[in-house]
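Please look over the sequence and the structure shown here before reading on. The paragraphs below then walk through selected parts of it.

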Amino acid sequence: MARNLDMTALRSFVAVADMGGVTRAAGMLHLTQSAVSMQLKRLEDALDLALLDRSARTIGLTPAGEQLLGFARKMLEINDEALSRLTATEFEGELKFGVPHDIIYPAVPAVLKQFAAAFPRMQVRLISAPTRRLLGMFGRGEVDLILTTEETCGPGGQVLVELPLLWIGAVGGQAWRRQPLPVAFCGNCIFRSGVLQALNTDGIKWHMAVDSEADNAVEAAVSADLAVHVALKGSLPPQTEVIEHAGLLPALKPQNINLYVLKPEDRPSAAMAEIIRRCYALPPIMPQLATA
């Protein structure tokens with residue numbers, strides 16, 4: 001039959017080890033010395049081991065106690081985290097966070113992980129949609145925060161970073177050398193009109209090899225060397241690379257990654273916005289937050 005260790009006794013044991021004695025540990029735990037001593041004895045009896053070396057003026061750990069200390073710290077950490085996540089009620093609810101699919105990596109996973117640790121009772125609904133659709137949703141109050149890719153920045157937004165827009169193709173591909181140039185875009189891609197205008201301005205003939213509503217269809221065609229596409233630096237799809245065209249393709253205007261926050265005074269929204277800024281290495285500008 002499985003036996004269980006007493007978490008209260010483990011907490012007292014760790015406190016005694018950290019504080020170097022029962023008296024200080026009792027004060028830290030707001031318990032009497034006799035209560036702490038009783039818990040330690042109960043723990044030693046349960047394990048049938050001596051955990052504390054009481055032969056000197058200051059209490060030390062026996063070899064068995066040193067071994068248990070590492071396990072005890074881990075067990076208490078898991079216990080406290082579970083209680084925090086399951087019983088914390090400071091902030092509950094759902095935060096809707098919209099991001100275009102091509103900039104989810106590398107920053108967004110880190111944002112979600114840090115926010116979940118800070119607000120364990122909050123649920124984040126990640127909405128992946130093109131910039132134009134996200135801006136429409138934001139304008140109607142349907143999302144709490146959005147990231148966008150834009151040449152400029154709209155009212156109420158903040159530029160997080162400006163990145164080069166690059167021509168991309170299949171690894172080792174030759175599609176960019178073909179004439180007319182085969183290009184692949186989604187109908188709602190924010191970069192589409194500007195790129196096609198740049199081609200027309202430079203007198204480069206092109207044809208739409210893939211015109212899809214699905215981003216993965218465009219990425220598949222590009223990785224198969226059927227067409228070329230564009231991407232922000234650092235956000236290349238799998239099995240693609242930047243085309244080293246030596247000026248044979250037009251230069252493209254850099255693009256911003258912008259942040260929009262619907263209710264900056266809302267503490268969870270403000271906290272997520274600040275995490276996003278940190279992930280993009282911006283200086284903190286978080287407004288004063290209301291206490292829970």
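What follows goes from a pair of helices to a sheet, then to the helices around it, and ends with a single residue. The model is a predicted one.

Begin with the two helices α2 and α3. Helix α2 covers residues 22-29 and helix α3 covers residues 33-47. Two packed helices are described by the angle between their axes and the distance between the axes. For α2 and α3 the angle is about 105°, and the axes lie 8 Å apart. Because angles of 65 to 115 degrees count as roughly perpendicular, α2 is roughly perpendicular to α3. On the side of α2, the contact is made by V22, T23, A26 and L29, and these meet Q33, V36, S37 and L40 of α3. Sorted by type, the residues of this contact comprise five nonpolar and three polar ones, with no charged residue.

Helix α3 also holds Q39. Is Q39 buried or exposed? Residues under 20% relative accessible area count as buried, and Q39 has a relative accessibility of 10%, so Q39 is buried. Leaving aside residues up to four places away in sequence, Q39 touches T8, A9, S12 and L31.

Next comes a sheet. Three strands form an open sheet in the order β10-β7-β11, and their pairing is antiparallel. From one strand to the next, the twist averages 45°. Strands β7 and β10 run antiparallel and are joined by four bridges. I168 has H229 in β10 as its bridge partner.

Helix α8, residues 215-223, packs on this sheet and touches β7, β10 and β11. The direction of α8 makes about 65° with that of β7. Which residues of α8 are buried? They are V218, A221 and V222. Seen down the axis of α8, these buried residues fall within an arc of 100°, so they line one face of the helix. The buried residues of α8 pack against β7, β8, β9, β10 and β11. After α8 comes D225, which has a positive phi, near 65°.

Just after α7, G203 has a positive phi of about 70°.

The last stop is E274, in helix α9, which spans residues 267-279. With a relative accessible area of 4%, E274 is buried. How far apart are E274 and F115 in sequence and in space? The two are 159 residues apart in sequence, and their C-alpha atoms are 9.9 Å apart in space.

Terms used
Residues are numbered from 1 along each chain as its sequence is written. This is a predicted model: local features need pLDDT of at least 70, side-chain atom pairs count only at pLDDT 80 or more; totals for chains, interfaces and linings use all residues. Side-chain values use heavy atoms; hydrogens and water are left out. Buried means under 20% relative accessible area, exposed over 50%, partly exposed in between (1.4 Å probe, protein chains only). Axes are lines fitted to C-alpha atoms, for helices over the stretch in contact, and angles run from 0 to 180 degrees between N-to-C directions. Angles under 35 degrees count as roughly parallel, over 145 as roughly antiparallel, 65 to 115 as roughly perpendicular and the rest as oblique. Contact means heavy atoms within 4.5 Å. Ala, Val, Leu, Ile, Met, Phe, Trp, Tyr, Cys and Pro count as nonpolar, Asp, Glu, Lys and Arg as charged, and the others, Gly among them, as polar. Two strands pair if DSSP finds at least two bridges between them. The arc is that of the directions from the helix axis to the C-beta atoms.
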